[in-house]
Amino acid sequence: MKGSSIFIAAVGMIFLAHIEVCQAIDQSICTPGEISYYPGGQLKSCTLKDDVGIDGVKCKQYALVTLYRSGTLQSCVTSDYFNYKDITCNQYSQVSFHANGRLDTCTLSKSLTIDGKNCAPFETISLFENGKLKSCSTPH
């Protein structure tokens, strides 16, 4: 009996933590002013009033954030380095994602070889929805 009470309490805490994260993606993260919504009321885009963590990315205060209808991150300016698999995106740069959650574009913080191609640091890398390299600038 005691073990089931602990299990129920743990599940309840996880559930409450999940609700708190879901509720954070609303207009309360935005500065007053230009806020756009999808039909139905879901937040589409706004300027952030603070640094906000969304889907593992720390998005920068006073920068535009764009969300998909599902509430997942479409794009923002990072306030820190963002690591996605072997890719390190530079801080204070635009990062965008495909609707499936995979990285679309970002500015590399260091050189990288991906799919056999050398990609230059501080340049934009672009990936297809399947994660394969679409384009990047080669080092000079």
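Cys119 is buried, with a relative accessible area of 0%. The value comes from a predicted model, and the cut-off for calling a residue buried is under 20% relative accessible area. Cys119 forms a disulfide with Cys136, and the two sulfur atoms are 2.1 Å apart. Cys136 has a relative accessibility of 12%, so this residue also counts as buried. The torsion about the S-S bond of Cys119 and Cys136 is about -75°, and the disulfide is therefore left-handed. This pair links distant parts of the chain: Cys119 sits in strand E12 (residues 117–119) and Cys136 in strand E14 (residues 133–136), 17 residues apart.

That bond belongs to a set, and the count for the structure comes to 4 disulfides. If the bonded cysteines are numbered in sequence order, the pairing reads 1-2, 3-4, 5-6, 7-8.

Another of these bonds is found at Cys30, which is joined to Cys46 with an S to S distance of 2.0 Å. The torsion about the S-S bond of Cys30 and Cys46 is about -75°, which means that the disulfide is left-handed. Cys30 counts as buried because its relative accessibility is 5%. Cys46 counts as buried at 1% relative accessibility.

A further disulfide is formed by Cys89 and Cys106, with sulfur atoms 2.2 Å apart. The torsion about the S-S bond of Cys89 and Cys106 is about -80°, so this disulfide is left-handed. Cys89 belongs to strand E8 (residues 87–89) and Cys106 to strand E10 (residues 103–107), so the pair ties together parts that are 17 residues apart in sequence. Cys89 has a relative accessible area of 0% and is therefore buried. Cys106 is buried as well, with a relative accessible area of 1%.

Which residues is Leu103 in contact with, leaving aside its neighbours within four places in sequence? They are Tyr84, Ile87, Cys89, Val95, Ser96, Phe97, His98, Leu127 and Phe128. Cys89, another contact of Leu103, is the disulfide partner of Cys106.

The last step is to look at the chain as a whole. Its secondary structure comes to 1 helix and 14 strands. The chain has 140 residues, and buried residues make up 35% of them. Among contacts in the chain with a separation of 6 or more, 16% are between residues 24 or more positions apart. The chain exposes about 8,700 Å², and carbon and sulfur atoms supply 56% of that area.

Technical notes. Residues numbered from 1 in each chain as written. Predicted model: local features only at pLDDT ≥ 70, side-chain atom pairs only at ≥ 80, totals over all residues. Heavy atoms only, no water. Disulfide = S-S within 2.5 Å. Buried < 20%, exposed > 50% of the residue type's maximum accessible area, 1.4 Å probe, protein only. Helix = DSSP H or I, 4+ residues; strand = E, 2+ residues; numbered from the N terminus. Contact = heavy atoms within 4.5 Å. Areas by Shrake-Rupley, 256 points an atom, 1.4 Å probe, with all protein chains shown as cover.
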